[in-house]
Amino acid sequence: VTLAAIGTGHLTGAEPPAARVSAHLRQVQPLAELRVPFTLNRQHIDDVERGARDPDWQPIKDAARTIAFAEDRAIVEGWPAAGITGIKPASPSPPLALSGDVRAYPQAVGRALASLRLGGVGGPYSLLLSADTYTAVNQTSDHGYPIRHHLARMIDGDIIWAPAIDGALLMSARGGDYELHLGQDLSIGYTTHDTNSVELYFTESFTFLVATAEAAVPLTAPPD
């Protein structure tokens, strides 16, 4: 894959090569490459060739989870080393605190909704919840009415399990506010092997651009 960068549409000044000539450089966002290695037992691979239906693919699952979490975290929380600002850091809205009482979550989400609407950001909206927050929402009711149902009616959109992030994030799902650019989609590569094992890796390249910073409101995790 030869794609190495994405144009941002911005220019920076540059020293011109001759008199009466103006010069600029087009700014680009480089793609970042992720790689997560894993090792498979050759015996397990051979077992599949012989028809085994219960091979130990746990190393593959662990590596896939690791690279997926890394991508999600870079997009939401940011990855400065790769030039990715991230949805939360880019948002001009101050983070809203989630209460230690899950029954009070609708109040915080309501304030986040008001902030988006006052900023002219339309819906539908999606609510991303960290693993602990998602579990708490699904296990809590207020006077017999599930908190999850209350939140879903408020945002008129999806409540998404997002275990790679911290706290929560309310964002517009109208489209056009964020851009994910893939150079190489998730792929498997080969490193080496011996008589007992095969070393492989997952790899992908991507970058992420924020077009409308005000299209999301971060919510901080409740205190432990």
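1. Let me start with a side-chain pair: Q29 and T207 make a polar contact through their side chains, at 3.2 Å. Bear in mind that this is a predicted model.

2. One of its polar atoms sits 2.6 Å from the backbone oxygen of G83.

3. Where is Q29 in the fold? It belongs to strand 2, which covers residues 24-30. Is Q29 buried or exposed? Its relative accessible area is 10%, and since the cut-off for buried is under 20%, Q29 counts as buried.

4. The neighbours of Q29 are worth a look too. Leaving out residues up to four places away in sequence, Q29 touches A5, I6 and T8, then A82, G83 and I84, and finally T207, F208 and L209.

5. Zooming out, the chain is built with six helices and 12 strands. Taking its contacts with a separation of 6 or more, 72% join residues 24 or more positions apart.

6. On overall dimensions, the radius of gyration is 22 Å, whereas a compact globule of 224 residues would come out near 17 Å. The C-alpha trace spans about 75 × 60 × 30 Å along the principal axes.

7. Now burial and surface. Of the 224 residues, 37% are buried. The accessible surface is about 12,900 Å², with 51% of that belonging to carbon and sulfur atoms.

Note on methods
Residues are numbered from 1 along each chain as its sequence is written. This is a predicted model: local features need pLDDT of at least 70, side-chain atom pairs count only at pLDDT 80 or more; totals for chains, interfaces and linings use all residues. Side-chain values use heavy atoms; hydrogens and water are left out. Helices (H or I, at least four residues) and strands (E, at least two) are DSSP runs, numbered from the N terminus. Buried means under 20% relative accessible area, exposed over 50%, partly exposed in between (1.4 Å probe, protein chains only). A polar contact is a pair of N or O atoms within 3.5 Å; within protein, one must be able to donate a hydrogen and the other to accept it, and residues adjacent in sequence count only if both atoms are side-chain atoms. Contact means heavy atoms within 4.5 Å. The radius of gyration is taken over C-alpha atoms; the globule rule is 2.2 Å times the number of residues to the power 0.38. Accessible areas come from the Shrake-Rupley method with a 1.4 Å probe; for residues, only the protein chains shown count as cover.
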